[in-house]
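Hello,

Here is the structure we spoke about. Please open it alongside this note; what I found follows below.

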Amino acid sequence: MKLKQLLLSLLFIFTIAISSAHASSGHDAPVIEEGKQEYQSKTLSELASSFWATTGINAILDTDDGEMTSEPAGPSAERPMTWFESSLGRIIMIIIVFILFYLAIAKNFEPLLLIPIAFGGLLANIPLAHMGGEHGMLGVIYNMGIANEFFPLLIFMGVGAMTDFGPLLANPKTAILGGAAQFGIFGSLIGAVAIGFDLQDASAISIIGGADGPTSIFIANRLAPDMLGAIAVAAYSYMALVPVIQPPIMRALTTKEERRIKMGVLRKVNKLEKLVFPIVILMLSMLILPESTPLIGAFAFGNFAKESGVVDRLSDTMQNSLINIVTIFLGLGVGSKLAADKFLVVETMGIMIIGLLAFSAGTAVGVLMARLMNKFSDKDNQINPLIGAAGVSAVPMSARVVSKVGSEERPGNVLLMHAMGPNVAGVIGSAVAAGVLLSIFK
Amino acid sequence: MEEVNLVAESFKFMFLGMGVVFIFLLVLIEVMKLQAKIITKYFPDEEPVTPVTKSSKDEEQKRVAAIIGAVSEFRKNKQNKV
């Protein structure tokens, strides 16, 4: 009796297994079936070799395995990898990732961003796992907030909540310096076109000169999504290199006398002025350049929440927890573009060079503009040309660099607050410049 | 031919871009000045209540006592050293 039941149930299971094997003919099932069917006949060596085929070592060594690239946009955007991308390229990228780790940890270069970006790059270069694909972790993050430009805006909100417009309001004319430094963007645009990029790509690359990570990602995503990874990495690494790149340019373009100039004490800014200011900026951009309002709007909202003084919880969240969470996601998402098939292309070299050019040109023109302004200002309101360098945004890094160079020339000369004016004006300036570029390609 | 066109185009971008950025910031500067004028004239911040008016005679005396104490202590130390 019991034997008969057992036999019957075995038969039952068998029929189900067979019928399901015949019935299913989709993409997802066969992997399991093959394992089940071939299990009977597999020898140990066959087992070992089929396992070997799924290892990363094999994926790297065997360049003809027809592995596809991982695309967050889904299978339609995928293409087979070249031998270089699936083998040597990965190794090179992993070495680059380790260099980024080194820069972030040992040299303290923007570790908050370089660590997530580099780790994302490491994950994206793992063979066969397809983490950058539509259903992979990095791909999901990418689709969640980078492909639709959401994360950069959240970051901008947090930056707004952290920004104090006091120094700018106290000395409005320093806003000009924030504008002059945007020459870095448009000057390098010409350079990028001259070395063969088309206009859209060139615009996306040159925005690195705005020295503003979120803005760069925002624009790159609109105008040249293929180059997003390289542009973001270039933007953040040059921002990290501000203390290295800027001082020589600042010294070369100013005289010792000028660097020693002391600036007067800033007036105390009325609370109401600070409260009204984000609204004023938003109204202006609404009238002149609605294309820039996503960026400026998020920025103004964060700043307004901070200055209103009644929603400390919200502004606190924006400038701490929210921006931290988004930074993790943004970094990993951008890191997914460090996959060998996307990063190791000829354009990356051009992006790195143009980015550096953009950054240096912005600094130089900012300093020269400050020099010019100093020539025309009276004795009581002298302007130390060094603060022009803070016109590239890179808040607050470049303002700190200005202050450091200034106090080296004359100990006790604190330029930090004076440099913050052009610095925050630079953020607005680069957002406006971004809006102009977007409006051109609308 | 096309190359030349592109570069010329990018120069136009530069003029437009820098022009808009400067116009935006110049307008912003004027608005900031105007706003500072209006607000400081019609809505000045209330002066924070200065602590001097608060300090009563007692506190004043305590402060003087503390200063005297500190000075005498300092002198004593000095004498000891010499």
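How many salt bridges does the rule find across the interface of chain B and chain A? The count is 0. Please keep in mind that this is a predicted model.

**The interface**

Polar contacts do occur there. The rule gives 2 residue pairs in polar contact between chain B and chain A, both at pLDDT 80 or more. By class, the chain B side that touches chain A consists of 22 nonpolar, 4 polar and 4 charged residues.

Now the extent. Chain A brings 45 residues to the contact, and chain B brings 30. Together the two chains bury about 3100 Å². Carbon and sulfur atoms supply 85% of that area. On the chain B side, the residues that lose the most area to chain A are B:F13, B:F24 and B:M32. Together these three make up 22% of what that side buries.

**A helix pair in chain A**

Two packed helices are described by the angle between their axes and the distance between the axes. Take helix α19 (residues 293-308) and helix α24 (residues 416-440), both of chain A. Their axes come within 9 Å and cross at roughly 155°. The cut-off for roughly antiparallel is over 145 degrees, so α19(A) runs roughly antiparallel to α24(A).

Which residues meet? From α19(A) they are A:L295, A:I296 and A:F299. From α24(A) they are A:V427, A:A431, A:V432 and A:A434. By class, this contact has 7 nonpolar residues, with no polar and no charged ones.

**Salt bridges**

Over all chains, the structure holds 16 salt bridges. One of them joins A:E149 to A:R222. The closest N and O atoms of that pair are 3.0 Å apart. What does the pair tie together? A:E149 sits in the loop between α8 (137-146) and α9 (150-162) of chain A. A:R222 belongs to helix α14 (residues 213-223) of chain A. The pair therefore links parts that are 73 residues apart in sequence.

Best wishes

Note on methods. Residues numbered from 1 in each chain as written. Chains lettered and ligands numbered in written order. Predicted model: local features only at pLDDT ≥ 70, side-chain atom pairs only at ≥ 80, totals over all residues. Heavy atoms only, no water. Contact = heavy atoms within 4.5 Å. Buried area = accessible area lost by both parts, 1.4 Å probe. Salt bridge = Lys/Arg side-chain N within 4 Å of Asp/Glu carboxyl O. Polar contact = N/O pair within 3.5 Å; in protein donor to acceptor, adjacent residues only side chain to side chain. Nonpolar A, V, L, I, M, F, W, Y, C, P; charged D, E, K, R; others polar. Axes fitted to C-alpha atoms, helices over the stretch in contact; angles between N-to-C directions. Helix = DSSP H or I, 4+ residues; strand = E, 2+ residues; numbered from the N terminus. Parallel < 35°, antiparallel > 145°, perpendicular 65-115°, else oblique.
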